[in-house]
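Please look over the sequence and the model shown here before reading the notes on selected local features.

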Amino acid sequence: MKVAIYGQYYQNSTEPIINDIFDFFNKKKVEMVIEAQFLKILNDKKIVEKTYNTFSKHTELDSSFDMLISIGGDGTILRAATLVRNSGIPILGINAGRLGFLATVQKENIAAFMQFVIDKKYTISKRTLLTLTCTPTNEAIEEINFAMNEITVSRKDTTSMITIDTYLNGEFLNSYWADGLIISTPTGSTGYSLSCGGPILTPDVKSLVITPIAPHNLTARPLVVPDETEIRLKVSGREENYLVSLDSRVTSIKNESILTLNKTPFQINMVEIPEETFLKTLRSKLLWGQDKRN
């Protein structure tokens with residue numbers, strides 16, 4: 001078995017997690033290939049001293065890998081998705097962060113859940129992504145033009161609201177007068193969209209959510225649309241530029257640019273361990289049922 005290991009940072013609380021993962025895989029003779037920058041952090045901290053092969057870009061992850069292990073929070077998994085891309089390599093998230101809707105494996109259960117991985121006792125949850133194109137072309141977007149959670153437009157360098165003209169399959173929907181607009185996948189429905197009043201979608205729902213950020217017109221409400229819908233946005237405001245974010249990647253776009261969003265042709269495969277399903281994660285993270293009356 002061959003796995004890629006990816007992480008973004010190191011904290012003292014992460015050390016036992018890393019030790020458990022490396023010890024387990026070394027004992028099971030699993031080949032580990034570590035992301036180069038992450039391995040440097042671990043070497044500098046003297047957490048890992050053994051020599052490992054490394055990777056540093058998505059082209060180095062091929063069909064020989066059985067899985068990518070992401071150590072961190074949900075943000076780490078979103079960055080891991082930019083490495084996996086359309087390779088089909090499944091991602092398993094080890095939660096070293098806080099909330100963790102995507103990084104579902106908790107540090108207390110690492111050994112047991114890693115055994116599920118070895119025994120292949122897991123299922124694959126396919127996650128829809130969004131692709132963004134910009135007219136005129138924007139180089140920052142063209143480099144990595146997809147998002148796993150959401151694509152968001154928001155105001156920049158001003159407290160004034162922006163106007164977002166929104167079209168669905170070419171038909172005018174609304175001009176949102178707001179701080180911004182979130183276009184969320186089912187995976188991202190538990191993130192920024194949820195904070196702005198959007199609904200929770202289960203990962204297998206074939207839909208997207210359009211959620212305004214602090215809209216001035218109170219009748220503007222989150223809208224669920226089929227994921228085959230082409231969404232076109234044109235933003236205007238008092239400033240010359242506004243912000244576009246693809247998950248955690250943010251760039252500045254000129255007013256009146258046309259943004260076109262479509263479902264990405266490929267999906268990201270997330271590993272789902274039997275005892276850590278999406279519904280169990282919802283109950284746990286959102287404290288559903290944690291009421292004495294229940």
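## Basis of the description

This is a predicted model, in which local features need pLDDT of at least 70 and side-chain atom pairs count only at pLDDT 80 or more, while totals for chains, interfaces and linings use all residues. Residues are numbered from 1 along each chain as its sequence is written, and side-chain values use heavy atoms, with hydrogens and water left out.

## Aromatic pairs

A pair of aromatic rings is described by the distance of the centres and the angle of the planes. Rings of Phe, Tyr and Trp (its six-membered ring) pair if their centres lie within 6.5 Å, with planes under 30 degrees apart counted as stacked, over 60 as edge-to-face and the rest as tilted. By this rule there are five aromatic pairs. One of them joins F24 and F25, edge-to-face, at 5.9 Å centre to centre and with 70° between the planes. F24 counts as buried (under 20% relative accessible area, with exposed over 50% and partly exposed in between, for a 1.4 Å probe and protein chains only), at 13% relative accessibility, and F25 is buried at 0%.

The pair of F146 and F266 is edge-to-face because the ring centres are 5.5 Å apart and the planes stand at 80°. This pair links distant parts of the chain, 120 residues apart, with F146 in strand 8 (residues 146-147) and F266 in the loop between strand 18 (258-263) and strand 19 (268-272). Helices (H or I, at least four residues) and strands (E, at least two) are DSSP runs, numbered from the N terminus. Both F146 and F266 are buried.

## Charges over rings

A charge sits over a ring if NZ of Lys or CZ of Arg is within 6 Å of the ring centre and within 35 degrees of the ring normal. The charged end of K2 is placed in this way over F65, 4.3 Å from the ring centre, and that of R232 over Y167, 4.5 Å from the ring centre.

## R238 in its loop

R238 lies in the loop between strand 15 (231-236) and strand 16 (241-246), and with a relative accessible area of 73% R238 is exposed. Its side chain makes a polar contact with the side chain of S160 at 3.3 Å, a polar contact being a pair of N or O atoms within 3.5 Å; within protein, one must be able to donate a hydrogen and the other to accept it, and residues adjacent in sequence count only if both atoms are side-chain atoms.

## Backbone features

Most residues other than glycine have a negative phi, and most peptide bonds are trans. A cis peptide bond, with omega about 0°, joins T135 and P136, and P136 is placed in the loop between strand 7 (130-135) and helix 5 (139-143). L287, which is not a glycine, has a positive phi of about 60°; L287 is found in the segment after helix 7 (278-285).
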